[in-house]
2 protein chains.
Amino acid sequence: MIRRRRRVTIADVAEVANVSAMTVSRVINNKDAIKPETRQRVMKVIDELDYAPNHIARSLTGSRSYTIGVIVVDIANPFFAEITAGIETVAWQHHYNVILCNTQEDPRRERQVMRMLEAKQVDGVIVCSTRLADDDLPRLLEMFPACLLFNRETTAKDANVVMLADAAGIVRLVEHLEAGGRRRLGMIAGGSRSHSAQARLDGFRSATNGDDALIEHIETAHIHTGFRAAQTLLARQPDLDGLVCHNDLAAVGAMQACMTHGKSVPGDIAVVGCDDIPLASLISPKLTTLRVDRRVLGELIARNLFAHIDGEQPTRRQVIRHQLVIRDSAP
Amino acid sequence: MIRRRRRVTIADVAEVANVSAMTVSRVINNKDAIKPETRQRVMKVIDELDYAPNHIARSLTGSRSYTIGVIVVDIANPFFAEITAGIETVAWQHHYNVILCNTQEDPRRERQVMRMLEAKQVDGVIVCSTRLADDDLPRLLEMFPACLLFNRETTAKDANVVMLADAAGIVRLVEHLEAGGRRRLGMIAGGSRSHSAQARLDGFRSATNGDDALIEHIETAHIHTGFRAAQTLLARQPDLDGLVCHNDLAAVGAMQACMTHGKSVPGDIAVVGCDDIPLASLISPKLTTLRVDRRVLGELIARNLFAHIDGEQPTRRQVIRHQLVIRDSAP
DNA sequence: TTGAAAGCGTTACCAA
DNA sequence: TTGGTAACGCTTTCAA
């Protein structure tokens with residue numbers, strides 16, 4: 001059972017300072033005009049009693065809770081952890097706290113979490129890579145005074161959206177490969193249910209007038225799946241001289257497959273990945289890839305939300321481009 | 001400016017259902033006895049109006065806020081991200097939310113964050129690797145109905161503690177090396193200000209009756225610092241046949257140095273790390289190291305806190321041992 | 001089994 | 001420049 005020590009209240013301060021609670025309230029909120037003398041006296045008592053306003057009571061009066069909700073599919077995924085770090089930084093600058101909710105890719109849980117956040121009167125939510133159906137989204141999002149969706153479009157009213165330019169990023173990779181003289185490019189594409197996998201594949205197709213024989217799909221992109229996909233692809237198309245991979249892990253596997261196949265990287269074939277995970281610069285040859293500064297991305301997302309909360313006209317839709325990181329695997 | 005849509009209140013439900021607010025309250029809390037007929041009617045109205053209790057108002061009445069605070073030095077660090085994932089899982093099972101606070105190793109910010117959390121009436125806090133001074137800790141922690149410290153001891157009353165058995169883990173590594181016939185062991189030790197570095201060093205010393213000539217210090221443990229430290233150590237002690245490294249990154253660098261030095265791993269010299277980062281099983285030879293399941297650790301931490309919150313007698317001090325992961329670098 | 005009234009700590013509104 | 005009163009939405013307490 002919880003036992004909370006009695007807190008000093010505004011009434012305590014008022015009594016000791018010989019003023020009304022209202023006056024104390026005005027002092028701590030810097031509102032209205034207060035006689036400097038009175039203010040001094042109240043401040044002194046606040047200090048002596050170590051008074052701090054009760055945020056719960058404040059929230060109840062209706063204005064703000066100074067809390068936002070952040071919903072992610074998996075906080076243990078460094079991608080979201082870094083975004084969350086950026087969000088938290090900006091939130092704190094705005095004197096806000098973050099309620100972090102991990103949904104583990106479960107849409108049911110996502111729904112419950114949203115209702116809970118609304119019941120706790122958060123001033124806004126940030127939803128990263130939601131798994132909710134398009135139809136459910138508007139009704140849920142519209143419960144909140146402000147909301148922002150990362151990597152998902154929606155018809156919800158007043159929802160802002162921040163998207164990663166996955167397709168454009170892949171196009172740049174392809175252009176880089178072609179500028180390096182590569183003529184026959186293949187792709188190892190990611191899972192069919194993933195939004196970003198679809199976008200990356202679209203980018204590849206549009207940049208290459210994609211021949212489907214040059215594309216190999218893997219459901220989960222990992223080193224060994226990348227390895228096998230590259231083997232299949234090379235068996236089918238021995239003259240490939242460039243390989244675009246859904247992500248860095250797959251690219252690492254693909255490079256191993258190339259070498260097993262007797263092809264040198266980048267001599268005979270160039271390999272590129274996507275995400276710039278730490279491993280990308282630790283292996284040999286170092287991987288050419290796409291990067292987005294995830295902490296900065298989180299900060300940008302949060303700033304967008306707070307613009308909304310603060311009543312400024314926020315950017316409705318923001319698209320963030322990757323940065324091309326050129327290393328040894330495709331110089 | 002925030003505009004919050006008017007919520008359905010308990011009074012609305014009461015009016016439509018033709019009962020008092022109290023009856024509605026009893027229904028949603030399953031408290032006291034209610035005539036089944038009345039309960040049915042109230043439930044129906046709740047459903048129709050889509051009523052959900054306002055948690056802020058609930059918290060104000062004094063019992064619980066159903067929110068805990070989690071304070072970490074850096075959520076972008078996968079170590080803490082995974083622990084946080086574990087904590088969040090258990091919190092949600094208890095119908096709790098987590099306010100996540102990132103302190104970026106700044107003790108001042110940590111203090112502010114704690115005051116804020118107290119003002120928001122959290123029912124408990126979990127503080128991971130605090131940078132606060134021993135003297136500040138008790139006063140701050142005692143503001144909360146329940147608190148738990150990870151990897152830090154304290155004299156604060158009613159504070160529970162979960163510690164990682166860093167020293168014991170290193171002892172096990174040393175024993176493993178000695179069982180494998182290694183006779184002359186060196187160590188690459190970590191930063192002087194780090195709690196865990198100190199503990200790991202202590203473990204090494206106690207297990208080897210440590211000769212300081214066999215120990216090399218690095219301020220930040222990374223691949224290149226590990227490389228250089230190993231070089232220095234090998235130059236000084238060419239007959240080393242075992243090397244214990246503060247963490248996996250340093251171990252990776254150390255292995256490279258060994259090979260550069262013409263020593264094969266594990267043939268001529270065994271190398272072990274600590275932490276089991278993803279890279280550890282990706283490089284060759286695969287690294288023998290220490291692991292602790294960080295998600296499970298987070299769950300354990302949270303369960304300890306909730307035991308306290310729920311008034312059970314929680315374990316005052318819990319020590320978590322690493323698991324020895326034997327791979328190729330020290331079979 | 002149900003209800004009325006008081007209170008949680010704060011702020012909005014109106015009055016002095 | 002200050003204070004009284006009434007909310008905010010709920011639960012506790014006491015009474016019926």
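**First stop: a helix pair in chain B**

The model is a predicted one. Begin by selecting residues 166-179 and 195-208 of chain B, which are helices H8(B) and H9(B); their axes are 7 Å apart and meet at an angle of about 40°. An angle under 35 degrees would count as roughly parallel, and H8(B) and H9(B) are therefore oblique to each other. Their crossing is right-handed. To display the contact, show B:Asp166, B:Ala167, B:Ile170, B:Val171, B:Val174 and B:Glu178 on the H8(B) side. On the H9(B) side, show B:Ser196, B:Ala199, B:Arg200, B:Gly203, B:Phe204, B:Ser206, B:Ala207 and B:Thr208. Coloured by class, the contact of H8(B) with H9(B) has 7 nonpolar, 4 polar and 3 charged residues.

**Second stop: a helix pair in chain A**

Move to chain A and select H1(A), residues 10-17, together with H3(A), residues 36-49. These helices pack at an angle of about 125°, and their axes are 9 Å apart. That angle makes H1(A) oblique to H3(A). The crossing of H1(A) and H3(A) is right-handed. H1(A) contributes A:Asp12, A:Val13, A:Val16 and A:Ala17 to the contact, while H3(A) contributes A:Arg41, A:Val42, A:Val45, A:Ile46 and A:Leu49. By class, the contact of H1(A) with H3(A) has 7 nonpolar, no polar and 2 charged residues.

Next, display the strands of both chains. In what order do the strands of the open sheet run? The sheet has 12 strands with mixed pairing, in the order E11(A)-E5(A)-E4(A)-E3(A)-E1(A)-E2(A)-E2(B)-E1(B)-E3(B)-E4(B)-E5(B)-E11(B). E11(A) and E11(B), the latter at residues 317-320 of chain B, stand at the edges; each has a single partner strand, so one side of each lacks a neighbour in the sheet. From one strand to the next, the twist averages 20°.

Beyond E5(A), select E11(A), residues 317-320, which pairs with E5(A) in the parallel sense over 4 bridges. Here A:Leu164 has A:Ile320 as its bridge partner.

Before leaving the strands, show their side chains. In a regular strand the side chains alternate between the two faces of the sheet. Are the two faces of E4(A) covered or uncovered? Both are covered: A:Cys147 and A:Leu149 lie on one side, A:Leu148 and A:Phe150 on the other, and all are buried.

**Fifth stop: local backbone features**

Most residues other than glycine have a negative phi, and most peptide bonds are trans.

- A:Tyr66, in the loop between H4(A) and E1(A), has a positive phi of about 50°. At 29% relative accessibility, A:Tyr66 counts as partly exposed.
- A:Gln104, in the loop between E2(A) and H6(A), has a positive phi of about 55°. Its relative accessibility of 38% places A:Gln104 among the partly exposed residues.
- A:Val265 and A:Pro266 are joined by a cis peptide bond with omega about 5°. A:Pro266 lies in the loop between H11(A) and E9(A).
- B:Ser284 and B:Pro285 are likewise joined by a cis peptide bond, with omega near -5°. B:Pro285 is in the loop between E9(B) and E10(B).

**Last stop: B:Arg5**

Finally, select B:Arg5, in the segment before H1(B). Which residues does B:Arg5 contact, leaving aside its neighbours within four places in sequence? They are A:Glu142 and A:Met143. At 55% relative accessibility, B:Arg5 counts as exposed.

Methods. Residues are numbered from 1 along each chain as its sequence is written. Chains are lettered from A and ligands numbered from 1 in the order in which they are written. This is a predicted model: local features need pLDDT of at least 70, side-chain atom pairs count only at pLDDT 80 or more; totals for chains, interfaces and linings use all residues. Side-chain values use heavy atoms; hydrogens and water are left out. Axes are lines fitted to C-alpha atoms, for helices over the stretch in contact, and angles run from 0 to 180 degrees between N-to-C directions. Angles under 35 degrees count as roughly parallel, over 145 as roughly antiparallel, 65 to 115 as roughly perpendicular and the rest as oblique. A crossing is left-handed if the near helix is turned anticlockwise from the far one by less than a right angle, and right-handed if clockwise. Contact means heavy atoms within 4.5 Å. Ala, Val, Leu, Ile, Met, Phe, Trp, Tyr, Cys and Pro count as nonpolar, Asp, Glu, Lys and Arg as charged, and the others, Gly among them, as polar. Two strands pair if DSSP finds at least two bridges between them. Buried means under 20% relative accessible area, exposed over 50%, partly exposed in between (1.4 Å probe, protein chains only).
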